[in-house]
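The tour below goes from selection to selection.

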Amino acid sequence: MKEKVEEVLKKIRVGLARDGGDIELVEIKDKVVYVKLKGACGSCPMSTYTLKNWVEAYLRKEIPEIVSVQAV
């Protein structure tokens, strides 16, 4: 599953990079993906929105077995 998640995160990074941000996969445990938003996204007040409505939605669309995405 880690390789699938990394492939999807590559696509997400393109969008985050436009705003000066990035995302790092920390771990996958019990179908929950733990990530760290970096750069401008790490301190953005919209980071929760970005994480849930874009990153999680996109990951779950591409990999339906994922239950949720959590920031660390």
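## Stop 1: one turn of a helix

Select E56 and K52. They lie 4 residues apart in helix α3, so about one helical turn separates them. Helices here are DSSP runs of H or I with at least four residues, strands are runs of E with at least two, and both are numbered from the N terminus. E56 and K52 form a salt bridge, with the closest N and O atoms 2.9 Å apart. The term salt bridge requires a side-chain nitrogen of Lys or Arg within 4 Å of a carboxyl oxygen of Asp or Glu.

Now colour by accessibility. E56 counts as buried because its relative accessibility is 11%. K52, at 32%, is partly exposed. The cut-offs are under 20% relative accessible area for buried and over 50% for exposed, with partly exposed in between (1.4 Å probe, protein chains only).

This is a predicted model: local features need pLDDT of at least 70, side-chain atom pairs count only at pLDDT 80 or more, and totals for chains, interfaces and linings use all residues. Residues are numbered from 1 along each chain as its sequence is written, and side-chain values use heavy atoms, leaving out hydrogens and water.

## Stop 2

Is T50 buried or exposed? T50 is buried, because its relative accessibility is 18%. Show its contacts (heavy atoms within 4.5 Å). Leaving aside residues up to four places away in sequence, T50 touches L16 and V55.

## Stop 2: a charged network

Select E6, R13 and D22. Salt bridges link these three residues in a network. Side chains of opposite charge can pair when their charged atoms come close.

- E6 to R13: the closest N and O atoms are 3.7 Å apart.
- D22 to R13: the side chains meet at 3.1 Å, N to O.

Check the exposure of each partner. E6 is partly exposed at 25% relative accessibility. R13 is partly exposed too, with a relative accessible area of 22%. D22 counts as partly exposed at 28%. How many salt bridges does the structure hold? The count is 6.

## Stop 3: a loop residue

Move to P45. P45 sits in the loop between α2 (40-43) and α3. With a relative accessible area of 79%, P45 is exposed.

## Stop 4: zoom out

Show the whole chain as a cartoon. The protein has 3 helices and 3 strands. Their order along the sequence is α-β-β-α-α-β. The C-alpha trace spans about 30 × 20 × 20 Å along its principal axes.

Switch to a surface. Of the 72 residues, 33% count as buried. The protein exposes about 4600 Å², and carbon and sulfur atoms supply 51% of that area. Accessible areas come from the Shrake-Rupley method with a 1.4 Å probe; for residues, only the protein chains shown count as cover.

Last, return to contacts. Among those between residues at least 6 apart in sequence, 45% join residues at least 24 apart.
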